[in-house]
Every structure is written in structure tokens, then in C-alpha cells.
Amino acid sequence: MISETLQKARGFEAKYAPFIPNGQRPAFHVTPAIGWMNDPNGFSLYQGEYHLFYQYHPYSCQWGPMHWGHVKTRDFLRWEYLPAALAPDMEYDQNGCFSGSAMELPDGRQLLVYTGVRRRLSPDGRTEEIQTQCQAIGDGVNYDKCPANPMLTDRDLPAGGSALDFRDPKAWRDGDGVYRMVVGNRTRDGSGAVLLYESRDVQNWRFVTTLDASHNQYGRMWECPDFFPLDGKQVLLVSPQEMSPIGLEFHAGNGTVCFIGSYDPETRQFRREHVQAIDYGIDFYAPQTLLTPDGRRVMIAWMQNWSTTCAVPHDCRWFGQMSLPRELHIRNGRLIQTPVRELEAFRRDRVSYQNVLVNGETYLHGLRGRMVDMTINVRPASRDSYTCFRVNVARDGEFVTTIRYKPDTSILKIDRTRSGSNADIVHTRSFLVRPRDGELELRIVLDRYSVEVFVNGGEQAASAVIYTPQEADAISFDAEGSVLVDVEKYDIVCSESSEERRPPNETGHYPGHR
Ligand code: FRU
């Protein structure tokens, strides 16, 4: 049944989303139909297509009562908008349908599992949110919320667990036919934990164990957990709030943490062996993964950070975008991320240079663009021959986004100070990289309003949103000292995308850029 609240959201997006010209959106990164987007939800395969839902407030570019927006794709690059899937229209989710997941049921229906939020006044006059886990079942477009909702409440928490922070269920079906689900929770010490639940019939769930917990070491509440096997190891992803900084690995605030370890399915015990950040850039949060039919583990995330959401550009009609979907692997005990291989089919107009000597700012013929997939290999021209190397993108006389490397400290810095936003937000992030035999490889993907950097074959990734006008499309290299550079650059053209079905806006400005 489509409630009035959902009908209203669907009517709103159908009426007003067409006012956003395609040229004012990224070409191959997901943006909301209209309004606000945060976390990816329900990233999963359904009847041969990849579905992605998202935390959605269609009515403004600010977070508000959460709906689920909906898109689908066959290739991770060209996305088709579907009508909003969920609205906060029941007593148990009247204040929001928060994050969750999706899967295809054996009978061909699609199951959505999400957090229902209901506010109440506490005895001492504070507004608090009761969070429960709920389900909806549908056909890939329309969904009915289950009469038994909510299916998990405070009664299903382990001792000391909090019903006020109990959210973001990620559910899947294992080879043994058992449904499993991880949910974020806050424990007695005030920090986060990941709870594991199991069900044989997808209706009755039972708490099994606490898989891992922060103990106030990696942030406070743990949001949006995901848990999956990868290359012989087990991976737990969490997005902690209120992290304390740890060196250049973790910055303060909302972060993303990857625990790599081992898992014993008999005892349901997860043992950490390695901890690292997932993305070292500015804008990346709440990642979620799916498994493709050919066995690839693919991750997508909200390419934003809560601390920068105050910088909504003036007059914009959409805010928030997803990262490029990334294939995950483990190499030498670390997480490896590379853009989905489907991207390669959209590469056009190869430009390539070898052994270019760079010893000052250098522009190379054919190197420009804002929808680009470019790989650079940089090495010293002779022993200790340089102290700093820069790649400048989205550049003109006024704007520039810089990726800077200093070999003496092995620090890579992403700097978007002059990338179209004058908001007082984080504009730079630095992190340690591991050059191999003095060589550094940087793969840089640009898509109008973002920069994603993949270092040394995906050993590290760093993402940042930019607001730079599209005319600023020069790319240059710069060195203090001298380096040798190889570069291979392609334009990305999603030709059969809706891009060509609607006239792009000629101004080429970020919606709201002045
Ligand atoms: C993470 C998060 C989730 C929650 C959702 C609400 O960004 O805070 O924990 O479900 O956003 O929109």
C-alpha cells in the first residue's frame, strides 16, 4: 500500500526533479533525485540488477524525516531513478526510516530491513529516539511494511545495550540457508558495538553475540556495520561517531574503520588482526557492500562527511552524492580498493605520456577534463631529486584542487581549499602512503563535483567533494626538484546515460555556485 506520506514524496520528486539539468549533476556518481541524500542503503542484487536505496529528504537540501530514495543500475555507472521506496508513515517509524539493507528472497520478492525511529519525551524532559528494526517486502518498486513490525526492539538487546542507539541493520543469507544480520548499538560504556542476529525464516530473529565493540578506542557509537568474508579473511566495516584522532590514520569526528580478522562460524567469534581507515580523504562515510554474481565484493559509500554538510551551496536542488563503487580485496593484510572494472568500458580518448621530466608547473597537451580517469606514475629523476610533487586538477586562474606528495615524509595531502566552497569546513586531509621503490602511483577519478584518489593500486583511497565551476578543467603537474612522470588519461563518457536524453545546462556551475 502506498501511504499518503509516500505518495506526497513521489509526487514531489516527479514534479520537481526534472528541473535539475543533468549537466548540474555528476555524470556517473549517484545523486538524490532531488533534495538531500546521506547513507547508501539496501545496496544489493535484485533480479539481475543492482539496486541502491539512500537516506533521503526530498523536500530540502537539509537532513529531515528520513525516506528511502531508490535507483538501480546494471553497470554501476549509469543509474536509473525509481520512485521513493519508503516514507516515515507508521507509528513505529514516524520520525524516520533510517539506514538498512536489502536482499532478494528465495520466492523472488525483495526484502528491505531498516531502522524505524520514533521520538518520545524522556522523564527528564529530553527528546529521545527509540530505534527498532523493521522490514518491508516488495517487487523492486513498491513495498509493504510488514504487519509484525517492529521485528527487533529493546527486548532483543543484550544486557547494557541501548534502545536509543540501535540501528542500521545489514542482513544477508548465508550458504547454510540461515539469515544473518549485524546491527550497530551503543553499550554501557557509551561507545559502539556490532550485534549479530540470526533467523531461519526471516521473521523471527534471535540475538547471537556481540561481534566486536569499540570500548571507546575507535570512536563512540558505531553506525552502519557490514560484515563479510574477503580473500580468506573476515572484514568488519563500521562508521564510528566522535572518533579521537590517531596519528594520520584516523581524524577526529565521524570516521570509517575497517577491521580485518578471522571468524569462526561455529563459535561466532571474530578476532581482529588489523585495523585501518577505509578512506583517507575528506568525504566518505557509511559504506555498504554487495556481492556480484561473479564473486566481487563491491563497496559504495556516502561521499560526504557529517561535519561538512553545513556547506550546502546556495540555491542547490540536490545535496550529497555516493562514491564510485569500489571492488575490494585484501593484499598483504590490508584493504585494497579499486574503481569497479565496469568504469573501463566508459573510457574514451586515451592520452598517454612516458618519462616526462617535470621540474616546474607543467601542462601536457590533451590533459584536461572534469570527467576523467587518469593514472600517474611518479619517480625521482635522479637520487633525492625532489622534495615535493603536485597534481593539480579542476584548475584555472582562480580554482585548483591539489594532490601533493612529499617524499621525505611519505605524506600525501589532498587540498580543496580553492575548489569553489568558501565555507569554513575541512578543506585538507593528509595521510601516510607507502611508495614502492621510490615510485608512487596515483589513479585519479574526477566526475564534475568530486575527486577520488587511489594510491598504489588501491592500497589507499581518498575522496573529496569539490564545488568548482566546470570551466576550471585544466590538469597540471608541478615539482620542487625534478621527477619523471608517466601518465595515462581517459575521458569518461557515459554515452547511453540519461545525460543525452535531457539537455545539459550550459552554465556548467555547481547548482548554487556563485
Ligand atoms: C549514518 C546515520 C545512520 C542513520 C542515518 C540517519 O550517517 O547516522 O546511523 O541510520 O544516518 O539518516
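Predicted model: local features only at pLDDT ≥ 70, side-chain atom pairs only at ≥ 80, totals over all residues.
**Entry 1**

I started at V238, which stands opposite V257 in β15. I then looked up how β15 sits between its partners. On one side, strand β14 (residues 233-240) and strand β15 (residues 257-264) run antiparallel, and 5 bridges join them. I went on to β16 (residues 269-277), which also runs antiparallel to β15, with 8 bridges joining the two. For a second pair to click on, I took F259, whose bridge partner in β16 is V275.

Next I checked the turn. β15 and β16 form a hairpin, and 4 residues lie between them. I noted R268 in that turn for its positive phi of about 60°. A reminder to myself for viewing strands: in a regular strand the side chains alternate between the two faces of the sheet.

**Entry 1: the ligand site**

Which residues surround the ligand? I listed N38, D39, Q55, W63, M66, F98, S99, R167, D168, E223, Y285 and W306. Sorting the shell by type, I got 5 nonpolar, 3 polar and 4 charged residues.

Then I went through some polar distances to ligand oxygens. For D39, an N or O atom of the side chain is 2.7 Å from an oxygen atom of the ligand. R167 also has a side-chain N or O atom by a ligand oxygen, here at 2.8 Å. For N38, I read 3.0 Å between a polar side-chain atom and an oxygen atom of the ligand. How much of the ligand's area does the protein bury? Taken alone the ligand exposes 320 Å², and the protein buries 95% of that.

**Entry 2: salt bridges**

I got 37 salt bridges for the structure. The one I opened up is R118 with E91, where the closest N and O atoms are 3.8 Å apart. This pair links distant parts of the chain, its two residues being 27 residues apart. R118 belongs to strand β6 (residues 110-121), while E91 is in the loop between β4 (79-86) and β5.

I looked for a cis peptide bond and wrote down the one from N149 to P150, with omega near -10°.

One more backbone note: N355 is not a glycine, yet its phi is positive, near 55°. I found N355 in strand β22 (residues 347-358).

How values were computed. Residues numbered from 1 in each chain as written. Heavy atoms only, no water. Near = heavy atom within 4 Å. Polar contact = N/O pair within 3.5 Å; in protein donor to acceptor, adjacent residues only side chain to side chain. Areas by Shrake-Rupley, 256 points an atom, 1.4 Å probe, with all protein chains shown as cover. Nonpolar A, V, L, I, M, F, W, Y, C, P; charged D, E, K, R; others polar. Pairing = 2+ DSSP bridges. Salt bridge = Lys/Arg side-chain N within 4 Å of Asp/Glu carboxyl O.
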